Amino acid sequence: MAQIGYSKKVMEHFMNPRNVGTIENPDGYGKVGNPVCGDLMEMYITVKDDVITDMKFQTFGCGSAIATSSMVTEMAKGMHVDEAMKITRNDVADELDGLPPIKMHCSNLAADALHEAIKDYKEKKEVKERNNKR
Amino acid sequence: MENIYLDHISSRSIDPGVLEFAKRFLEHDYGNPSSLHSLGLEAKRVLEDARMKVAELINAENEHGIIFTGSATEANNLAIKGAALRNIGKGKEVAASAIEHISVINSMKELQKNGFTLNLIPVDSDGIVNLEKLDEILTKNNTVTSIMYANNEIGTIEPIREISKIVHEKGLYLHVDATAAAGHVPIDVQADGIDLLTLSSNDLYGPHGAGVLYIKLGIKLQPLLLGGGQERGFRSGTEDIFAIAGMGEAARIARLKMTKEGNRLKKMRDRIIQEILNIEGSHLTGHPTQRLPYHASFRFDHIEGESILLNMDMYNIQVSTGSACSSKTLEPSHVLLAIGLTHEQAHGSMVLSLGKSNKMEDIPVIVKVVKETVERLRKLSPLSKKEVM
């Protein structure tokens, strides 16, 4: 049977989202979505020795947009960045006990936002390493 | 916390008196009104009694103009497709306001696929139909023009008499979808100049499963459903006597209670609007005064409507939203776009529709929960730190 409405876990994360906020001077920053479409996510990460030590988010969007953002921060915190890059949209949805089919694409962008933040971190790191060599 | 239901625009509880009146047709009075034996005749008597009660609610010339359907959506389909196809000799044009219910818009779009020209009439930022544009757009080729009595998403009441004058000066037919308005504001199809009018049972606190299309005597429509010729041939199919008897009784009760209940709800509505507009970045949608007595609709900067709905529901308050994220198409409400809102603005909408169960004493709780919801979601939103949209 198709899922009707949100799982208890989605509602729990929606009502009590983890790691809300911003990080000043983050090691990585990712932004996906667009307020025109109704979803916008911003992710901030702090990274030490390629391990994500802190992570914060801000999200404009529906219940699943907020819940997936919260969930992805919980999943990725403490992970090596290369491992965190492997977290997929489906992984996030699975951890939330599923999402209604219509929400799987539009508001399940949290993994993408995480990946953007990690890419940003890696780019910054490369620039830094290049500068150090000079 | 006690539950506070503020989504009467979506569904209403059946009136206990209506249920008491109609339930015998679910239990033991199961005759078919087309049968000539005693059980059939009893069903027929109740059917005609319901017709009379609905006719009185809208001041129809007589009960013969009342055609029962299965829903307001069906009545809208019958009015539009029925009028357009039956009067195709006049031309192949139809017109509607840009804020009509989706059952009107989609009926017209179907005609458009079949060679009709669809003219959408713009509305102003309060949702009032542009009368000059209406006058400009309507030609003698028009077969039906559909303008709603009041809008379900923004509460605006349209100037139906002025609209009717424009439509009739050109010798055309006016269909009015009064689903959100009937039973809540006085409607007089004769004085208002309405040729076709849609009503819903549940919006009168009747059971789901019945609607009405009022058809002014002499107007010809092509039926959608063919069969045994029930409802003067306009709508074949054995009548749902439970739903119809209930709708009739609901119409009778609505007519008696309209003024008093309307005044009570209007006071609550105005108080809610006043208090919610105190929240920074909140805006009323729809007309400030020319609006349904039970309807208060808003939009909030930087937050999204489905989140508002879910958050309010966690505090046992049910509301609705025109946000894209809550719709099956993932498109924001066409009504909110038609009044000139941007996509971002349309995402943050919330509709509070009051009804019988709501009390003035509930208002402080409602306002408190709205405030907390807006505050919490803004803290989560990356847009809050940027300038106001």
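This is a predicted model: local features need pLDDT of at least 70, side-chain atom pairs count only at pLDDT 80 or more; totals for chains, interfaces and linings use all residues.
## A three-stranded sheet in chain B

Start with the sheet. Three strands of chain B form an open sheet, in the order β9-β10-β12. Their pairing is antiparallel. Two of them sit at the edges: β9 (282-284) and β12 (349-353) of chain B. Each edge strand pairs on one side only. From one strand to the next, the twist averages 25 degrees.

Now look at one pair of strands. β9(B) and β10 of chain B, residues 295-300, run antiparallel. They are joined by 3 bridges. Which residue of β10(B) is the bridge partner of His283(B)? Find Arg299(B) in the structure: that is the partner.

## A helix across the strands

Next, find helix α9 of chain B, residues 241-276. This helix lies across β9, β10 and β12 of chain B. Compare its direction with that of β10(B): the angle is about 10 degrees.

## Two domains in chain B

Chain B is divided into two domains. Domain 1 takes in two stretches, 4-11 and 258-379. Domain 2 covers 16-253. How far apart do the C-alpha centres of these two domains of chain B lie? The distance is 27 Å.

The two domains touch. In chain B, 23 residues of domain 1 are in contact with 23 residues of domain 2. On the domain 1 side, three elements of chain B give two or more residues each: α9, β10 and α11 (334-338). The most comes from α11(B), with 3 residues. Sorted by class, this side of domain 1 of chain B has 10 nonpolar, 11 polar and 2 charged residues.

## Where chain A meets chain B

Now step out to the two chains. Here 19 residues of chain A are in contact with 19 residues of chain B. Which elements of chain A each supply at least two residues of the side that touches chain B? They are α1 (8-15), β2 (39-48), β3 (51-60) and α2 (63-76) of chain A. The largest share, 3 residues, comes from β3(A).

What is the chain A side made of? The residues that touch chain B divide into 12 nonpolar, 6 polar and 1 charged.

Key:
Residues are numbered from 1 along each chain as its sequence is written. Chains are lettered from A and ligands numbered from 1 in the order in which they are written. Two strands pair if DSSP finds at least two bridges between them. Helices (H or I, at least four residues) and strands (E, at least two) are DSSP runs, numbered from the N terminus. Axes are lines fitted to C-alpha atoms, for helices over the stretch in contact, and angles run from 0 to 180 degrees between N-to-C directions. Two residues are in contact if their C-beta atoms, placed from the backbone, lie within 7 Å. Domain bounds come from an automatic or database domain assignment. Ala, Val, Leu, Ile, Met, Phe, Trp, Tyr, Cys and Pro count as nonpolar, Asp, Glu, Lys and Arg as charged, and the others, Gly among them, as polar.
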